[in-house]
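Work through the two exercises below with the sequence and coordinates at hand. Each task is followed by a solution in steps.

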Amino acid sequence: MNCDLCGEREAQVLQPHTNRKLCVPCFLEDVKSRIRIEATRLGIDRSKKVLVAVSGGKDSFVLLDSLREFLDPDNIIPFNIEEGIEGYNRKDQADQLIQLTNVKSLIKTSFRESLGYALDQMVSGASSSGLKTSACTFCGGFRRKLINDFARKVGADVVVTGHNLDDEVQTIIINLLRGDLERLVRFGSVPLIVSSKFVPRLKPLRRIYEWETTLYANFRGYSFQDVECPYMLRRPTLRARVRELLYQMEFKSPGVLLRILDTFDQISMNMRSKLSSALSLPNCIICGEPTSTGRTICKNCELLIKSGLLDSPLKSTY
Ligand code: SF4
Ligand code: ZN
Ligand code: ZN
């Protein structure tokens, strides 16, 4: 059976959300062009310094591989953070990814180097203090902080991450389930700037399915290890349950994830016009970074205090 796009080569990929059958070159081109359209809409093509968060996974490969086709390689700064999770080290993959995409050498840091503790130490501090916070809460919060700190340090215009469509829709559903209106408003197709200390974070893969990034990386010869983080396996989070539910919905009704994202983007734009003027974040009294409305200490500092890893200036509160 021939490809629905070129009509010449043999089709090897069924794309359920468009009901098209594509050959490998047309599939790769389709993914790249959708990323480019999104990147252009977000203004990434006009940025002078783009910090690219590189985890070493398939999504970061697809991200760098597509960005380098239309950005000046000198404007791309790949940045990798090692969280410090026993049995889950993707440093070598990140190096392989840089070689394969032929962009500037990777800048690396680690939780231990930048924060004083590896993620495993944070998690064990939390559990000895009786705290039931998941490893992902520590991981996500501190990773965001380190990426933002480094972006500010090098004067990047934007931070670009490899979040794909599945990640985006999971986050939307989680924020809905938690009733977190502030996060919902801040989440959307373009970042809402609520503090001058935040470098805008853009996600050009947000309309690309996870199965597409997996296939793209495979076809391009990137040999990534698709192992799950041990924390994900040890304690299934709300995200893992939402992910499973969304897989089933997408399987039964192809394209549903894209429809959820499009609908949410419209709702978010409407919500923003009503709420954004009220959203200007205060700064944490310990680290000075922006924190959520109504807080004096940011979530990251609070987690360290509650885990016994940081002294609190407000001992009675924590
Ligand atoms: Fe971090 Fe959680 Fe992802 Fe593991 S699953 S890398 S702990 S966010
Ligand atoms: Zn084709
Ligand atoms: Zn803080």
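Domain bounds here come from an automatic or database domain assignment. The model is predicted: local features need pLDDT of at least 70, side-chain atom pairs count only at pLDDT 80 or more, and totals for chains, interfaces and linings use all residues. Residues are numbered from 1 along each chain as its sequence is written, with chains lettered from A and ligands numbered from 1 in the order in which they are written.

**Exercise 1.** Describe how the protein is divided into domains and what makes up the side of domain 1 that touches domain 2.

Solution.
1. Residues 36-279 form domain 1, and residues 281-318 form domain 2.
2. Taken over C-alpha atoms, the domain centres are 24 Å apart.
3. Contact (C-beta atoms, placed from the backbone, within 7 Å) links 17 residues of domain 1 with 12 residues of domain 2.
4. On the domain 1 side, α5 (119-128) and α6 each supply at least two residues; helices are DSSP runs of H or I, at least four residues, numbered from the N terminus.
5. The largest share of that side, five residues, belongs to α6.
6. By class, the side of domain 1 that touches domain 2 has eight nonpolar, six polar and three charged residues. Nonpolar means Ala, Val, Leu, Ile, Met, Phe, Trp, Tyr, Cys and Pro; charged means Asp, Glu, Lys and Arg; the others, Gly among them, are polar.

**Exercise 2.** Which residues surround ligand 1, and which element gives the most to the shell?

Solution.
1. Take residues whose C-beta atom, placed from the backbone, lies within 6 Å of the molecule.
2. The residues around ligand 1 are E83, A135, C136, C139, G140, C229, Y231 and M232.
3. Two or more residues of this shell come from each of α6 (135-154) and α10 (230-234).
4. α6 gives the most, with four residues.
5. The shell has six nonpolar residues, one polar and one charged.

Definitions and conventions:
Contact = placed C-beta atoms within 7 Å.
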